[in-house]
Amino acid sequence: MLSENQKLESKTEQLSIINQFSSSLLHLTKLDELFEYVTTQVVSKLGFVDCVIYLADPYQEYLEVAASMGVSENNSDYRVAQTRIKIGSGITGQVAMTRTPFISGDVASHPMYIADLRPALSELCVPLEYEDHLIGVIDCEHPEADYFTAAHLQILSTVAHLLSAKIHQLRTLENLQSTIAQLHQAQNLEKSLLKIANITYRFENLEAFYDDLYMIIASQLSAENFFIGLYDTQEDVLEIVYLVEGAEKCNAHQRVSKDQIKHSASYFILKNQRPLLCDHLQFNTHIKRGYFKMIGRSPRSWLGVPFIVNSQYQGVIVLQSYDNDHAFVNHDLSILTYISRQVSMAIDRQLSRQALEHRALHDDLTSLANRYLLLERIKHAILRLARGSSSHMHCLIYLDLDRFKSINDSLGHDVGDHFLIAIVEKVGTCIRKTDTFARLGGDEFAIFLENVSDKKQVSVLLDRITKAITKPLHIDGHVLQASASIGVAFTDKDSDSAINLLQQADAAMYEAKSSGRGQVCYFNNAMRKRLKQQADIENDLQHGIKNNEFALYYQPIFSLNTGAIVGFEALVRWFHPKNGLVSPDTFIQIAEQTGQIIELDLHLLTLAAAQLKRWKDQGQPPIRVTVNVSSRHFASLEFVDTIRELYQRYELHSGSLCLEITESGLIANLALATKIIHGLASLGVKLYLDDFGTGYSALGYLHQLPIHVLKIDKSFIDQLTEKENPLVDAILKLAQSLNLTVVAEGIEQQTQWQLLKQKGCQFGQGFIVSQPLPADQAMAFVFSYSENIGKI
């Protein structure tokens, strides 16, 4: 037995140890350090030779060893048999469950005692708890019987109380630090995902997008081995659009066929459209089950996510780890799934942009370059002439298919389209890959040849093209044979322009066309002179309109029955300040081609309206004037407003200003033309169909058009001398059946007048009565010629 002095000294020493422990707790910041200190510096000094600290698991189901005998649980010098005890099992488990200390001098006879590797007789066990929350227990054993006393219980309870508070404090700190770390990680991830979303919508170049994307991915995931694959379902080809191996980017894009990848893990997830996350064992299990085969090295961890771009393209993003210390987890899968959606959107935008650019620069039907792309390539090629030292030149071939319109009209547009595609395929086999093959519109094509060494080279090519396209074609059950009128122009000067080269080739093509079917013509100086004249006229037209160089001459329209003049056709004359009188045949076609005809027509309509107003103000009786207009006006309902404004401004009598248009101009847009004609009806405007019979399609549409007057072309009237013209008879009968008035143009002989009158033609126009007259002479001629003015 200890003496009172010994007990006092022992208690004093214990209090000193407790005080030192309490003080030391302020400096301990880690649980491992805390447990090490408790077992080596506290419990052992208190005389406890066998001590184990157990901690409860998060679910409060088990106790697990945290430290023992002052040595960490990993130390091989001491091992505890019961490293994991179910709460409620054994003495230790009971203390944890009841939160009640246990002390015994002979535990061997206790029914719940579980012997350790070194059985004991005495046991002291106290709970570790903080604010009614179980943290664990401290369990002490001693080989001697009745070793532990109430004093031991009191001191161990004090240690347990201090230890529990410190454990709670350190755990709270750890949780806080973990939360802060997770928050920081989440913020970094959020920033990275925002960066990805940002570059998805701002990128201009897909390769640069992949570079930026990879840098962001590498900041969040282990991406030393990474690739993005794009699978073309139409071609069954996988293109590796971005590849990193061993943290090194591989710039060479790989295209792999379906046969080469069909046994890969990448194709497996593409086919199933489901992501795949595997560790080494799971990857090998998939191989054993036949899902895919091992290709290359065996990964320690593998993560792949599929995505869909559109109906043609699918994709896959894959991460592979060959490091035993790193394995992908579900969190990585979530990140990669988000990234895959951004990649999908980026690729879709790029493909859409490429499709738009292709459509903007190519023909929809044939996928050939269009006029704009052709001219751009010609421009750049001409600029390169200035930098080149060779004697090479460039060549432009302008090709127009002969009689293509008859195929369209007789067999339908579908056959016509298929015919054009077949011709394009034929010609495509004859030219070089570096040549630009373009469709300029309709049945007109161009081939631009860069760096031609001599004209013989072009001649050989033209011979090859001609032979190719003249072979019979089997199109939708029809056997068709093609031929083409071809114009050729060359350039070897960097001062030339693309548009001039195109105009030269075009001019040569028209020369070839005028020579007959299947001809080839090279641009020459005579054509150059004509082009120069056309360019001069184009430049002078605008100036002529502004300076009132255009005037109207009025040719009478007369009754074949009475001879009375009933109206005028207004015919334009251009009094050029340098060239004198310029024929309409010279400038009207150019005005049509350049679009200047719109402004010219409006100018002439204004002149006619102003003249009608002058005649009205002079007290002249009402008379009708017809003005020829381009079919371009019948492409917009605004033309109705234009004519109405003229009627209002010049206070014209109803129907005094009328319009003439050729048949081909009307049928180009039948529905819109009908609306425009109906819109003019309230003004009394009559529509004259000029040069009727010279076309070949108006007869089929004539009954649909709300026209009022047919004008038979002069070429048919010229034949009415001594013999009949069945076509004139047919036109007159057609007009009669449709209740249309007819004017015969170009009457020059009395015989023609009489024949037309006998056939029922109501009105005529021609030199037999008068040539076109200036405005001041026209009305005077009316009075001198006839006192009787009728109405059509």
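Buried means under 20% relative accessible area, exposed over 50%, and partly exposed in between (1.4 Å probe, protein chains only). Strands (E, at least two residues) and helices (H or I, at least four) are DSSP runs, numbered from the N terminus.

This is a predicted model: local features need pLDDT of at least 70, side-chain atom pairs count only at pLDDT 80 or more, and totals for chains, interfaces and linings use all residues. Residues are numbered from 1 along each chain as its sequence is written, and side-chain values use heavy atoms, with hydrogens and water left out.

Seven of the seven residues of strand 8 (226-232) are buried, so the strand is largely enclosed by the rest of the structure. Strands pair if DSSP finds at least two bridges between them. Strand 8 runs antiparallel to strand 9 (residues 237-245), joined by seven bridges. Strand 14 (residues 313-321) also pairs with strand 8 in the antiparallel sense, over seven bridges. Phe-227 has Leu-243 as its bridge partner in strand 9 and stands opposite Val-318 in strand 14.

A salt bridge puts a side-chain nitrogen of Lys or Arg within 4 Å of a carboxyl oxygen of Asp or Glu. The count is 26. Examples include:

| Salt bridge | N to O distance |
|---|---|
| Arg-359 and Asp-364 | 3.6 Å |
| Asp-363 and Arg-439 | 3.2 Å |
| Asp-729 and Lys-759 | 2.8 Å |

Arg-359 is exposed at 56% relative accessibility. Asp-363 is buried at 15%.
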